[in-house]
Amino acid sequence: RFYSLVHSLSTFQKFPTMTTALSLDDNAAEPKSILRKRERRVIEEDDDEPQLSECQTEEEDLMEEDKHEEKKIVSPEPALKPAQSSVNSADAFSPELLRMYYSRLFPYHFLYSWLSYDASSLVPSGGGGSSSKMSSSNSIFSRREFSMTSLIGGDEIYIRYQSFKSEAELQSAIMAKSPIKIDIGAVYNNAPKDKKALAPNAFKPEQRELVFDIDLTDYDEVRNCGCSGASICTKCWTSMSMAIKVMDKGLRNDFGFKHMSWFYSGRRGVHCWVCDESARELPDAGRSAVASYFEVMLGNDKNNNVVLSHPLHPMLSRAYSMLEPLFIKHVLPESGHGLLATEESCMKMLKMLPPGTDSVVNALLKEWKGQKSSKTTPAEKWHSLTKKLNELTRKSPSKGKSANTMDSKKRISIEQFPIATVFRYTYPRLDINVSKCQNHLLKSPFCVHPKTGRVCVPIDISQVDTFDPFAVPTLAQLMQELDEYEAKQKASEETEGGSTETRKVQHDWQKTSLKVPFEHFQKTFLTPMLKELRR
């Protein structure tokens, strides 16, 4: 069923249904898909010239990056000249703190066990551990591409097509280079480090996790909290929790994927890694089809057109039922984005109603203007609006114009206005280019974002509503936690001979606030996946 669905999607990208562009702006133009357009060149290890992949175009860069902070890589003759870079202040991030993180806290064994899909590397859940012996060579892992970005003298150097035979080799390379960013690519038919020795057509990707990237910068035109670009707050972060819920439900229910993990990007977004074998073996056409399945034309900063199919696809109907309550809770009130919090914002909402709704506008003007407006909550205003629109399209002939005689296009636009409004503010905005190619690079989980100093931690999907990006530990905080734990341990040993909790700790990250997200990753994702592979 899975392959049949993917094949159908890759063959027929758009459902053979009527689509309607609902304009939420008086001066709307033709809608465009929200795709990031980026230009960047990357460097192969020991190459004289940067190499572009088969799947790369001028608008689709292989590197997942900070799109509003332009970085330029230059490859002069005969040596590489890296571009200038800046990082946050030392209290959040510094090379010294990063080296300590890689030395004491980075979960090398988790990363190796996961990316090698090696069931023999399985360790007990909660043990946090690694095997007693460093994992040896694994065919899948040794053909996996890694890219590392190192900071040398204030300059950034990007090196692609690195590969490692074992966990020990990976750890040694990371410790030696102390990269400020690690990207993970595909598994190729040959080791990426041997790429230059191969014929041009002898180096091809064979598998890669299906990945999704969602970034708050793509929500800028609907963020009414005052944030834009790299800025985030607790109000606009709710967009990420809504996106995770919709995507996770769709990937599991509609495609049958089981082994998925969500990660905080370290700054302003989230990443999803789908690791089922059926997902890893998808060709580019299949990846593009799955990503397009979730894509909705939501407009851009120049127009507000939202394009929906009619009848609405079941996946979108489910998404609406999930998102509308969250829209009412997080977008409408003053504590959110204030879409119906003031008289001014209410009048703006009425102006966005589609043609043929004059009677609804007049009725709501009486309710929402003056002192009457303060007597109803934003949620009550929304329910009143949707109720009146519903009544308008379902009038009986005795009371007015029948829905059956109303212009079909007009009736559909009125019916879909609430859906279009909710989707514009809450529906997932994917960077589809990240998902559609096997050889696309994506930031490695567990690394540290150099602009914030925060770790790219796993997100507990069952607690996604309470995930706080500002509570994710920074490097400085982690080092302080280590010092405090070890001081307490020393005092305990001197007085009581050491506590039971202390004796159970196998890894330094268990002494910090990384313990909860790392052990959750092991218990709910890594261990179940490896156990299934063992069977």
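The legends below describe close-up views of a predicted model.

Local features are given where pLDDT is at least 70 and side-chain atom pairs where pLDDT is 80 or more, whereas totals for chains, interfaces and linings use all residues. Residues are numbered from 1 along each chain as its sequence is written, and side-chain values use heavy atoms, with hydrogens and water left out.

**Figure 1. Overview of the protein chain, with 17 helices and 12 strands.** Helices (H or I, at least four residues) and strands (E, at least two) are DSSP runs, numbered from the N terminus. Of the 535 residues in the protein chain, 56% are buried. Buried means under 20% relative accessible area, exposed means over 50%, and partly exposed lies in between (1.4 Å probe, protein chains only). Among contacts between residues at least 6 apart in sequence, 74% join residues at least 24 apart; contact means heavy atoms within 4.5 Å.

**Figure 2. Helix H3, residues 108-116.** The helix is mostly covered, and nine of its nine residues are buried. The buried residues are Tyr108, His109, Phe110, Leu111, Tyr112, Ser113, Trp114, Leu115 and Ser116. Tyr117 follows H3 and has a positive phi, near 50 degrees.

**Figure 3. Packing of helix H6 (residues 234-253) against helix H9 (residues 314-330).** Two packed helices are described by the angle between their axes and the distance between the axes. For H6 and H9 the angle is about 165 degrees and the axes are 11 Å apart. Axes are lines fitted to C-alpha atoms, for helices over the stretch in contact, and angles run from 0 to 180 degrees between N-to-C directions. H6 and H9 are therefore roughly antiparallel to each other. Angles under 35 degrees count as roughly parallel, over 145 as roughly antiparallel, 65 to 115 as roughly perpendicular and the rest as oblique. The crossing of H6 past H9 is right-handed: a crossing is right-handed if the near helix is turned clockwise from the far one by less than a right angle, and left-handed if anticlockwise. On the H6 side, the contact is made by Thr238, Met242, Lys245, Val246, Lys249, Gly250 and Asn253. These meet Arg318, Ala319, Met322, Leu323, Leu326 and His330 in H9. By class, the contact of H6 with H9 contains six nonpolar, four polar and three charged residues. Ala, Val, Leu, Ile, Met, Phe, Trp, Tyr, Cys and Pro count as nonpolar, Asp, Glu, Lys and Arg as charged, and the others, Gly among them, as polar.

**Figure 4. Crossing of H9 with helix H13, residues 408-426.** The two axes come within 9 Å and cross at roughly 70 degrees. H9 is thus roughly perpendicular to H13. From H9, the residues in contact are Leu316, Ala319, Tyr320, Leu323, Glu324 and Phe327. Their partners in H13 are Pro418, Ile419, Thr421, Val422, Phe423, Tyr425 and Thr426. The contact of H9 with H13 divides into 10 nonpolar, two polar and one charged residue.

**Figure 5. Cis peptide bond between His310 and Pro311.** Omega of this bond is about 0 degrees. Pro311 lies in the loop between strand S10 (306-310) and H9.

Figure 6. Arg104 is partly exposed, with a relative accessible area of 28%. Leaving aside neighbours within four places in sequence, Arg104 is in contact with Leu482, Glu486, Asp508, Trp509 and Lys511. Arg104 and Asp508 are 404 residues apart in sequence, yet their C-alpha atoms are 6.0 Å apart in space.

**Figure 7. Cysteine pairs Cys225 with Cys233 and Cys447 with Cys456.** A search of the whole structure finds zero disulfides, a disulfide being a pair of cysteine sulfur atoms within 2.5 Å. The closest cysteine sulfur to that of Cys225 is in Cys233, at 3.6 Å, too far for a bond. For Cys447 the closest is in Cys456, at 4.0 Å, also too far for a bond. Cys225 is partly exposed, at 21% relative accessibility, while Cys447 is buried, at 0%.

**Figure 8. Positive phi at Tyr161 and Ser178.** Tyr161 is not a glycine, and its phi is about 55 degrees. Tyr161 is found in strand S4 (residues 155-162) and is buried, with a relative accessible area of 5%. Ser178, also a residue other than glycine, has a phi near 45 degrees. Ser178 is in the loop between helix H5 (167-177) and strand S5 (181-188), and at 13% relative accessibility Ser178 counts as buried.
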